[in-house]
Amino acid sequence: MTHSDTPAKIEVRDLHKSFGSKHVLRGVDLTLRSGESLAVIGGSGTGKSVLIKNIIGLMEPDSGSIRIDGEDVVGMSPDERERVTRKFGMLFQGAALFDSLPVWENVAFGLIQSKGMNRHAAREEALVAMVQVGLDTDIADRSPAELSGGMQKRAGLARAIATKPEILFFDEPTTGLDPIMGSVIDDLIVKSVRELDATALSITHDMASARRIADNIAMIYEGRIVWHGPVADIDDSGNEMLDQFIHGRSDGPIQLRVAS
Amino acid sequence: MRLLRAIGRGTIAIFAVIGRISVFAGTSLYHCVRPPFFPRLILRQMIEIGFYSLPVVGLTAIFTGMVLALQSFSGFGFAGEATIANVVVWGITRELGPVLAGLMVAGRIGAAMAAEIGTMRVTEQIDALTTLSTNPFKYLVAPRLIAAVAMLPLLVLVADVIGVLGGFIVSVYDFGFNPTTYLKSTWASLDAAGFISGLVKAAVFGFLIALMGTYHGYHSKGGAQGVGQATTNAVVSSSILLLLFNFIITALFFAT
Ligand SMILES: Nc1ncnc2c1ncn2[C@@H]1O[C@H](COP(=O)(O)OP(=O)(O)OP(=O)(O)O)[C@@H](O)[C@H]1O
Ligand SMILES: [Mg+2]
């Protein structure tokens, strides 16, 4: 599947972000076409979460531009930014469910708060979204703390898709799950993205997961994208850094600084 | 030279913190007055802050009122109803009611706010709010500020009544004063300025407690330890600010 003929949904240009003297993002360039599913892979601490937080607007970049549907969102007023944020849905690494609210209200949160739906109708829609991700509706009134990790991920996914966003973000969707539950979540992600006809940006260091959910792969290293291409090409990319990462070798161009 | 540099650095750091807190307070106030509002959340906080603080504030007040009566009786010798009633009323309504209720609530509510919001921060729940197009200042901070500013004066009102009652109990049952005369003296000692200053203090204390609780929670980082640190900072800073503002407000009301 190629998306080269469709317009850019997300366009990141020369993005820089430092924390004190730590230069985390050093000129990231990344384009996601409408309907594309891209997985950004890379080692721990390479700035994957920082990248996604900049795109979503949880962090302001030091320099560079981020365009969503052609609009530069860097330096936008909070109100305008909120309008753009309505296009987003995100599944967080730890699910990040609100523990003061029951499961259904978590799933319905975006419907009530951002779409202004009344609580009764929102509950009905939330139950539909719960079924879509394979959650029993019996747990609708339970507290998120009572759910297992896999169920929390499902509820987080239901919350992310309930508002039918155009762009979905997934931060390490399978981390902390057993391999079977991991692939169940991956399948749900693929299904949800397809049903919504959404654009998806995932970050992960789980290669099996990346292969399942993505059309394209981008590898980040030392604050830059060092390889970008279709998932089918990753095994014979000829890129030493990508090869080393895929095969998990400790020797190669990527040096782990254990004491940094 | 080195000393000067250290003092300079310390001064800059203090102003940086004051600046950050002021920006936080400004943003919060802006969201307090701008819709959408969250009446459900405000109500929930009001119950949490107002209703559930009643026992601890009530107990503090009654013992304080009793102690005030005991101390003034032993301090002034046999001073008579008028003096003791006067000391109790002035002490409770002007100072001890608002300050002790404020400190108690700072321990209860300031800590709870910092812990709850801090946990939400480190588990990315605050980030999740933003991705669901909900401003965390509107959803988390504003309801707590509004509820605290509204409920603290009510709590202090209750503390005033219970504190005076404590003094009354000791005076009547221990010293054997005539209850009617004591109540009359109490009523006569009540002055509008002192009473109102106490309620103004309470509202300001409510604001400070909620501000410190939410500020430290919002900026906590680094897992469970960070949240614990935020909780401690919230209680300590709100208690100190509370005593500072108690002095400032007293000076504004009563300095001649
Ligand atoms: N708010 C922050 N303040 C200071 N430093 C930060 C902040 N957020 C991230 N960093 C630093 O930026 C670097 C990249 O962090 P990031 O969380 O993006 O890594 P990551 O690629 O997502 O790693 P992982 O796979 O372990 O989640 C880290 O060294 C981290 O210490
Ligand atoms: Mg990360």
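Biologist: Which residue does Lys9(A) form a salt bridge with?
Modeller: The partner of Lys9(A) is Glu166(A), with the closest N and O atoms 2.7 Å apart. Keep in mind that this is a predicted model.

Biologist: How many of them does the rule find across the interface of chain B and chain A?
Modeller: Across that interface the rule finds 1 salt bridge. The side chains that meet there are those of Arg34(B) and Asp79(A), at 3.4 Å from N to O.

Biologist: Why would those two pair up at all?
Modeller: As a general point, side chains of opposite charge can pair when their charged atoms come close.

Biologist: What about polar contacts between chain B and chain A, how many residue pairs?
Modeller: The rule finds 2 residue pairs in polar contact across the interface of chain B and chain A, both at pLDDT 80 or more.

Biologist: Which elements of chain B give two or more residues to the side that touches chain A?
Modeller: Those are α2 (39-51), α4 (81-122) and α5 (125-131) of chain B. The largest share comes from α5(B), with 6 residues.

Biologist: OK, and how much area is buried between chain B and chain A?
Modeller: About 1800 Å², and carbon and sulfur atoms give 56% of that. In chain B, the residues that lose the most area to chain A are Thr131(B), Leu132(B) and Ser133(B), which together make up 33% of what that side buries. Counted by contacts, 18 residues of chain B touch 25 residues of chain A.

Biologist: Switching to ligand 1: which residues come nearest?
Modeller: There are 13 residues around ligand 1, and Gly45(A), Gly47(A), Lys48(A), Ser49(A) and Val50(A) come nearest.

Biologist: What do the oxygen atoms of ligand 1 have beside them?
Modeller: A polar backbone atom of Gly45(A) is 2.7 Å from an oxygen atom of ligand 1. In the side chain of Lys48(A), an N or O atom is 2.8 Å from an oxygen atom of the ligand. Ser44(A) has a polar side-chain atom 3.2 Å from a ligand oxygen atom.

Biologist: How much of ligand 1 does the protein cover?
Modeller: On its own, ligand 1 has 630 Å² of accessible area, and the protein covers 64% of that. The elements giving two or more residues to the shell around ligand 1 are β2 (22-33) and α1 (48-56) of chain A. Of these, α1(A) gives the most, with 3 residues. By class, the shell has 3 nonpolar, 7 polar and 3 charged residues.

Biologist: Last one: what about the backbone, anything to look at there?
Modeller: Two spots. Pro35(B) and Pro36(B) are joined by a cis peptide bond, with omega about 5°. Pro36(B) sits in the loop between α1 (2-33) and α2 of chain B. In chain A, Ala95(A) has a positive phi of about 75° although it is not a glycine. You'll find Ala95(A) in the loop between β6 (88-91) and α3 (103-113) of chain A.

How values were computed. Residues numbered from 1 in each chain as written. Chains lettered and ligands numbered in written order. Predicted model: local features only at pLDDT ≥ 70, side-chain atom pairs only at ≥ 80, totals over all residues. Heavy atoms only, no water. Contact = heavy atoms within 4.5 Å. Buried area = accessible area lost by both parts, 1.4 Å probe. Salt bridge = Lys/Arg side-chain N within 4 Å of Asp/Glu carboxyl O. Polar contact = N/O pair within 3.5 Å; in protein donor to acceptor, adjacent residues only side chain to side chain. Helix = DSSP H or I, 4+ residues; strand = E, 2+ residues; numbered from the N terminus. Near = heavy atom within 4 Å. Areas by Shrake-Rupley, 256 points an atom, 1.4 Å probe, with all protein chains shown as cover. Nonpolar A, V, L, I, M, F, W, Y, C, P; charged D, E, K, R; others polar.
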